[in-house]
Amino acid sequence: MDGHASQKGTSDPCRLCGETDHVVVSRTDCHGNALETVLCMGCGVITNDPIPSDEELAAFYRTDYRMQYKGAKKPRKRQVWRNFKRIESHFAVNRDMYAGHRTCLDLGSGSGEFMLMAEALGMDCIGIEPNEVYARYS
Ligand SMILES: [Zn+2]
């Protein structure tokens with residue numbers, strides 16, 4: 001975000017409330033790439049403008065997302081190790097929340113560390129990972 005609203009945009013009506021009045025809050029993503037983000041003045045929802053199609057999103061998450069998010073096309077050992085340590089801590093802190101649960105669904109399961117550790121605690125897990133390389137690794 002640029003830090004403050006900059007100007008009104010001229011995009012399609014809000015998909016949530018139908019309002020056409022909105023303010024551009026950013027013109028780049030966190031890496032500096034062109035990506036317009038707008039605030040709907042009707043309901044306050046913040047979205048990209050234009051909102052990518054389902055096909056564009058599927059293609060992005062299938063191939064590009066992990067490279068942009070993690071800077072690697074496949075899981076790195078150092079990253080996997082850090083994930084295990086972080087998840088171990090998460091399970092220790094949230095022990096009561098998981099007590100008695102036998103199943104889990106991990107949306108965006110990445111390289112699969114959460115599922116592996118949950119299964120070690122006796123849960124049956126299903127992971128959904130759209131990135132082809134990370135899903136195979138998981
Ligand atoms: Zn709206």
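The following questions and answers concern a predicted model.

Visitor: How many bridges join E2 to E3, and which way do the two strands run?
Guide: His22 stands opposite Cys40 in E3, and the hairpin of E2 and E3 has five residues between the strands, with Gly32 at a positive phi near 90°. The two strands run antiparallel, and the number of bridges that join E2 to E3 is five.

Visitor: In E4, which residue is the bridge partner of Val38?
Guide: E3 and E4 run antiparallel and are joined by three bridges. Their hairpin has five residues between the strands, and within this hairpin Gly44 takes a positive phi near 90°. For Val38, the bridge partner in E4 is Thr47.

Visitor: Is Ser26 buried or exposed?
Guide: Ser26 belongs to strand E2, which covers residues 22-28. Buried means a relative accessible area under 20%, and Ser26 has a value of 3%. Because 3% falls under that cut-off, Ser26 is buried.

Visitor: How far apart in space are Ser26 and Val38, C-alpha to C-alpha?
Guide: The side chain of Ser26 has a polar atom 2.8 Å from the backbone oxygen of Thr28. Ser26 and Val38, for their part, are 12 residues apart in sequence, and the C-alpha to C-alpha distance between them in space is 7.1 Å.

Visitor: Why does Thr37 count as buried?
Guide: Thr37 has its place in strand E3, and, leaving aside residues up to four places away in sequence, Thr37 touches Val23, Val24, Val25, Ser26, Ile46, Thr47 and Asn48. The cut-off for a buried residue is a relative accessible area under 20%. Thr37 counts as buried because its relative accessible area is 14%.

Visitor: Which residue has a side chain joined to that of Thr37 by a polar contact of 3.4 Å?
Guide: Residues that Thr37 touches include Ile46, Thr47 and Asn48. The polar contact of 3.4 Å is between side chains, and the partner of Thr37 in this contact is Asn48.

Visitor: Which element gives the most residues to the lining of the largest pocket?
Guide: The largest pocket holds about 550 Å³ of space, and among its 20 lining residues Asp29, Leu35, Asn48, Phe60 and Gln68 lie nearest its centre. At least two lining residues come from each of E2, strand E3 (34-40) and helix H1 (54-70). With seven residues, the element that gives the most to this lining is H1.

Visitor: How do the residues of the lining of the largest pocket divide into nonpolar, polar and charged?
Guide: The lining of the largest pocket consists of 20 residues. They divide into 11 nonpolar, seven polar and two charged.

Visitor: About how much space lies in the second largest pocket?
Guide: The lining of the second largest pocket divides into eight nonpolar, five polar and five charged residues, and E3 and strand E4 (46-48) each supply at least two residues to this lining. The space in the second largest pocket is about 300 Å³.

Visitor: Which elements do the buried residues of H4 pack against?
Guide: Helix H4 covers residues 113-120, and its buried residues are Glu113, Phe114, Met115, Met117 and Ala118. Just after H4, Gly122 takes a positive phi of about 100°. The elements that the buried residues of H4 pack against are helix H2 (77-93), helix H3 (95-98), strand E5 (103-107) and strand E6 (124-128).

How values were computed: Residues are numbered from 1 along each chain as its sequence is written. This is a predicted model: local features need pLDDT of at least 70, side-chain atom pairs count only at pLDDT 80 or more; totals for chains, interfaces and linings use all residues. Side-chain values use heavy atoms; hydrogens and water are left out. Helices (H or I, at least four residues) and strands (E, at least two) are DSSP runs, numbered from the N terminus. Buried means under 20% relative accessible area, exposed over 50%, partly exposed in between (1.4 Å probe, protein chains only). A polar contact is a pair of N or O atoms within 3.5 Å; within protein, one must be able to donate a hydrogen and the other to accept it, and residues adjacent in sequence count only if both atoms are side-chain atoms. Contact means heavy atoms within 4.5 Å. On a 1 Å grid over the protein atoms alone, a cavity is a set of points where a 1.4 Å probe fits but cannot get out, and a pocket is an open set with protein on both sides within 12 Å along at least five of seven lines; lining residues have an atom within 4 Å of a point. Grid points are joined across faces, edges and corners, and a volume is the space filled by probe spheres set on the points. Ala, Val, Leu, Ile, Met, Phe, Trp, Tyr, Cys and Pro count as nonpolar, Asp, Glu, Lys and Arg as charged, and the others, Gly among them, as polar. Two strands pair if DSSP finds at least two bridges between them.
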